Every structure is written in structure tokens, then in C-alpha cells.
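Hi,

Here is the structure I promised to pass on. Have a look at it first, then read my notes below.

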Amino acid sequence: SLASLPESVVAMDLREALRDGEYEATLREYLEHPVLANGFAALNTALFTSGLFLKIPRGVKVEVPIHLLFIGEAVAANPPPAAFPRVLVLAEENSSATIIESYAGTSDDGVYLTNAIVDLNLSEGARLDHYKIQRESRGAFHIAATRAELGPNSTYNTTAINFGAALSRHDIHVQMDHEGAECSVDGLYMVDGRQHTDTHSVIDHKQPHCSSHQLYKGILDGRSRAVFNGKVFVRHGAQQTDARQTNKNLLLSTDARVDTKPQLEIFADDVKCTHGAAVGQIDEEERFY
């Protein structure tokens, strides 16, 4: 339903947008972007059959959240089915919107693969609040990549929440190649049984006077596994960078395991950067009370 969107907002099928001379060159640039040059991204680019192109025009503020719902369904097939969603969002100068990207399954234990890519481009002064909620079937496999390019003085806030899938992985790449850009990259994963969830993020500070804050929390039970690998690059010349990164994990079982590796690579000398990680169990006295 497009009823709540302002008339000036463009929301159309990617195939139609690729045939439109106004958008074709921009779309092809993103579909072939080298930042996402890995096997799963190549597979998505080769096999996706449809997707969403969303353009928020200059100065437009979309008051109602835009909800993108992807529903996976397991069918009696060998091999199991696979879906390759693709989304491209262009937020023009001084625009703003909230996007909710959610994944769900039609059964509790259906087996299927979701391999999704979301590209976001924020122009000068734009603001995007982005929420990703993953509640796939407990037998599903979920592979996703989110890539954001931030323009001057733009703001990107994202929160990823992972509950479902037997195995899930989320790659996040935020590129800050203009001064004054800000981002918050937060997340929560809650897994149990034999679930496995991976988060791999790269926040790339290429220009000075940018800030990034990242906070990820995990709760694990049973024999579940989680991996957090967060990398912050501060490039040569990116002075006055403010970058903070934290990963906290709570283990509810002695069989649960977390591998966490926050990383900083700094090539500038006038920055404020911190990172840290913690893994622990519930305190018995707190449990009692």
C-alpha cells in the first residue's frame, strides 16, 4: 500500500526503474558496487528478479514509517527455495524518513534461504532512521548486507534486531566520505537452541569531523553461537573523528558461546575513539532478587 506516502516520493519496482532513463545509470552503479563484491552479493546481483527503488525527494519529510515486509515461505522442493530481495533508497538533500525492514516466515521450522541487499544513499542534510527486524523461520538461512553512503551533514541511525533463522549473517558497511556526517549503528541478537548469528560491520571514516556510535548487545541460551566483528577505519586526514564502539553479551547457558572482536584502525592523530567488549553470565544474586 502506497496510500500514506507523499505523492512526490518515488516507490517503484527495480526492473521498471532500470528501464527508466532517469534512474538507469544510478541504479547500475549501485548494483555493481565493488564494496559489496563478495560471493553472496554477486549471487544476489545475478539472481534477483525484483526489488524496490525508493526515492525521497529534496526537502520532503515522510512522517509515517515506510514498512518493507519480506515473507519467506518453505515449499516442498529439493533443493529448498531461495529469495534474493534488493532495495535501493535515495534520500535527497534535507529529506527525512523512517524505514522498517522486516523479515518473517510463514512456518516455525521451514527451510529456505533469504539473501538480501539494501543500499542507502543520503545526500547533504538528509536523515534516515532504519530498523531491521529478522524473525525468519527457525530452519531458515538469512544472509543480508546493508550499505550506506553518507553525504555532508547527513544523519543515519540504524538498529538491527535478530531473533530467527538457524543461521543468520548481517554485513553492515557505512561510508563517511563527507564532512559532518553522523551515524548510530546499534543492534540486538537473541538466540537459543543451536542458532548461530553473525554480525560484521565496517564504519569507514574517510573525511574529518564525522562521528559514529555503535552499540550491540547479545543474549544467548542453549548451545547457540554469536559472532560480532566490528571494524572502525579512521583514514589518513580524517581529523576530529569521534568514534565509539561497544559490544556486550549475556550468556544464559554454559554451552552458549560468543566470539567478539571490536577493531579500530586509526591513521589520524587528532581523534577521539573508543572500543570495548564484554561477555558474562547472570549474577546469581541478581537472579535471586
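Let's start with F40, which sits in helix α3, the stretch covering residues 39-47. Keep in mind that this is a predicted model. With a relative accessible area of 41%, F40 is partly exposed, because that label covers values between 20% and 50%.

Now for the charged residues. Side chains of opposite charge can pair when their charged atoms come close. How many salt bridges does a search of the whole structure find? The search turns up 15 salt bridges.

One of them joins D119 to R86, with the closest N and O atoms 3.9 Å apart. D119 belongs to strand β7 (residues 113-122) and R86 to strand β5 (residues 86-91), so this pair ties together parts that are 33 residues apart in sequence. Are D119 and R86 buried or exposed? Both D119 and R86 are buried.

Another salt bridge pairs R147 with E149, and here the closest N and O atoms are 2.2 Å apart. R147 and E149 are buried too. What I like is that R86, D119, R147 and E149 are linked in a network of salt bridges.

Last, take a look at R169, which forms a salt bridge with D171, the closest N and O atoms being 2.9 Å apart. R169 has 30% relative accessibility, so R169 counts as partly exposed.

Cheers

Technical notes
Residues are numbered from 1 along each chain as its sequence is written. This is a predicted model: local features need pLDDT of at least 70, side-chain atom pairs count only at pLDDT 80 or more; totals for chains, interfaces and linings use all residues. Side-chain values use heavy atoms; hydrogens and water are left out. Helices (H or I, at least four residues) and strands (E, at least two) are DSSP runs, numbered from the N terminus. Buried means under 20% relative accessible area, exposed over 50%, partly exposed in between (1.4 Å probe, protein chains only). A salt bridge is a side-chain nitrogen of Lys or Arg within 4 Å of a carboxyl oxygen of Asp or Glu.
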